[in-house]
Amino acid sequence: MLITSRRLRAALLVAASATLVAAVLPGPEPLGIGDPLFPHLGNPGYDVLTYDIAFTYRGVNSRPLDAVTKIDARATERLERINLDFTSGTVRAVEVNGSSAEFTTAGEDLVITPRQAVDAGTPLAVTVTHTSDPKGGEAGGWVRTTDGLAMANQADAAHRVFPCNDHPADKAHFTFRITAPAGLTAVANGLPVPTGAAKPAAEPATRTWVYRTRHPMATELAQVSIGKSAVVRREGPHGLPLRDVVPAAQRARLEPWLRKTPAHITWMENKVGRYPFETYGVLLAQAETGFALETQTLSLFETSMFTDTRYPKWYVESVMVHELAHQWFGNSVTPRTWSDLWLNEGHATWYGSLYAEEHAEQPLEEQMREAYVRSDGWRAAGGPPAAPKPAAPGRQLGLFRPIVYDGSALVLYALRQEIGKKAFETLERAWVAEHRDGTATTADFTALAQRVSGRDLTGFFRGWLYGAKTPRMPGHPDWRSEVPSVQRNAAPAAKH
């Protein structure tokens with residue numbers, strides 16, 4: 001048969017061209033954005049603007065949740081394939097810009113082939129219908145509590161919960177829609193969103209909760225909790241809405257701890273400036289995690305930290321301040337690469353230690369001297385603060401090491417000794433103001449420190465951030481560091 005229609009010939013040429021392009025595409029493979037510590041995290045070619053994630057929880061925390069993740073992004077280069085980080089779930093369908101798309105997996109990537117390539121500079125809308133399996137929690141992601149679930153995604157585990165561009169360099173706004181049995185309470189980052197007039201539920205004994213962030217957020221900081229919880233509300237400084245999420249049966253017992261938060265916020269604001277988000281509170285999970293976590297606007301803690309009398313009260317408060325400080329350092333100002341993590345943990349440890357000095361007679365100088373004694377050992381084991389050692393081949397990276405906590409707070413103490421207290425405090429305020437809601441690097445911090453102090457600090461930062469040995473402490477030439485014994489350095493730092 002002879003084809004004479006010009007329109008039909010053109011359509012066939014387009015189809016043939018698309019088939020030819022598909023034929024020469026390389027095979028699906030896991031991609032990354034070049035972070036040396038997590039080479040396959042993050043994906044090139046697009047910038048995520050928003051996530052809209054719906055979870056349906058049916059009351060059993062060992063079974064996969066049904067989920068739909070919608071991603072609105074902008075392509076930064078022409079995309080014939082789109083990689084998302086995702087594992088620990090089953091993908092059922094994918095749409096790209098409203099049309100169904102083919103998909104497969106490669107490593108821990110979901111690799112999507114849209115019907116048509118997405119041009120650079122154009123909108124990219126991806127919808128993934130999938131499950132989210134909470135049974136892989138030992139690697140991070142969902143934490144199974146005695147009454148439901150919570151999230152702990154730091155550093156590389158958000159993609160074990162939902163498809164995403166799982167690297168802090170790509171922050172985005174989030175909306176969460178959580179459907180759960182009516183007897184449970186669901187919470188998430190941000191503030192509740194009014195859902196309008198009540199509609200008949202698809203499943204009569206369920207309720208849907210919607211939350212939305214007003215500020216961009218890294219995927220590692222996402223939080224969703226479902227359980228038998230009470231939400232305790234109060235007002236913080238400047239009318240800031242505070243909400244704590246606690247086991248309902250222990251609400252009265254925990255209240256003396258919860259009411260400390262407004263004063264903690266006031267203290268931090270006096271140090272570095274206005275609280276950067278729309279709300280704050282603590283989430284107390286009935287689970288043994290071994291850490292606390294600065295999930296944005298809703299920090300995660302073990303309930304036992306507040307009920308176990310073996311923890312000194314000053315220590316519990318210092319951890320509360322540590323996670324609160326992260327809302328400025330790490331959450332509002334987010335590290336652009338994982339080697340910049342010392343800026344998060346060093347600052348949070350610094351303010352927790354400073355609070356303990358001012359409120360619990362725990363002298364900062366003594367804390368820093370003890371850290372100095374151990375610093376060479378920490379550097380030998382994990383690398384210097386701004387250049388952590390990568391994982392050994394075939395091993396999972398344990399990024400949360402003593403050197404990024406007390407070892408990095410020690411860098412800040414040395415900097416304050418070097419440039420003076422007034423310049424240091426000016427630097428801290430300028431840092432969180434200039435980079436609010438953004439990402440920043442170690443180079444950004446060192447450049448700002450030089451600008452604020454009016455001094456060339458190149459040699460200082462080279463030694464303190466990248467040296468194999470701890471430099472001499474300004475003002476304390478008698479301090480000495482030593483490599484600790486195997487037993488002394490064996491326990492890893494809890495991540496928080």
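I take buried to mean under 20% relative accessible area. The model I examined is predicted.

**Strand 2**

I began with strand 2, residues 65-75, and looked at where its side chains point. Leu-65, Ala-67, Thr-69, Ile-71, Ala-73 and Ala-75 point to one face and are buried.

I then looked up the pairing partners. Strand 2 pairs with strand 1 (residues 46-56) in the antiparallel sense over ten bridges. Strand 8 (residues 123-132) also runs antiparallel to strand 2, joined to it by ten bridges. I noted Thr-69 in particular: Ile-53 stands opposite it, and Thr-69 in turn stands opposite Val-128 in strand 8.

**Helix 8**

I next checked helix 8, which has 14 residues and reaches 20 Å from its first C-alpha to its last, close to the 20 Å expected. Eleven of the 14 residues are buried, including Leu-410, Tyr-413, Leu-415 and Arg-416. Among the elements covering these buried residues I found helix 6, helix 7, helix 9, helix 10 and helix 11. Gly-420 follows the helix, with a positive phi near 95 degrees.

**Nonpolar cores**

I turned to the largest nonpolar core, of 64 residues, in which Met-268, Trp-350, Tyr-351, Leu-415 and Trp-431 touch the most other members. Helix 3, helix 5 and helix 8 are among the elements that give two or more residues to this core. Apart from it lies another core, of 60 residues, among them Val-118, Ala-172, Phe-176 and Val-245.

Lastly I listed contacts of Trp-431 beyond four places in sequence, including Phe-329, Leu-343, Asp-444 and Leu-448.

Methods: Residues numbered from 1 in each chain as written. Predicted model: local features only at pLDDT ≥ 70, side-chain atom pairs only at ≥ 80, totals over all residues. Heavy atoms only, no water. Core = buried A, V, L, I, M, F, W, Y, C linked by side-chain atoms within 4.5 Å. Buried < 20%, exposed > 50% of the residue type's maximum accessible area, 1.4 Å probe, protein only. Helix = DSSP H or I, 4+ residues; strand = E, 2+ residues; numbered from the N terminus. Contact = heavy atoms within 4.5 Å. Expected span 1.5 Å × (residues − 1). Pairing = 2+ DSSP bridges.
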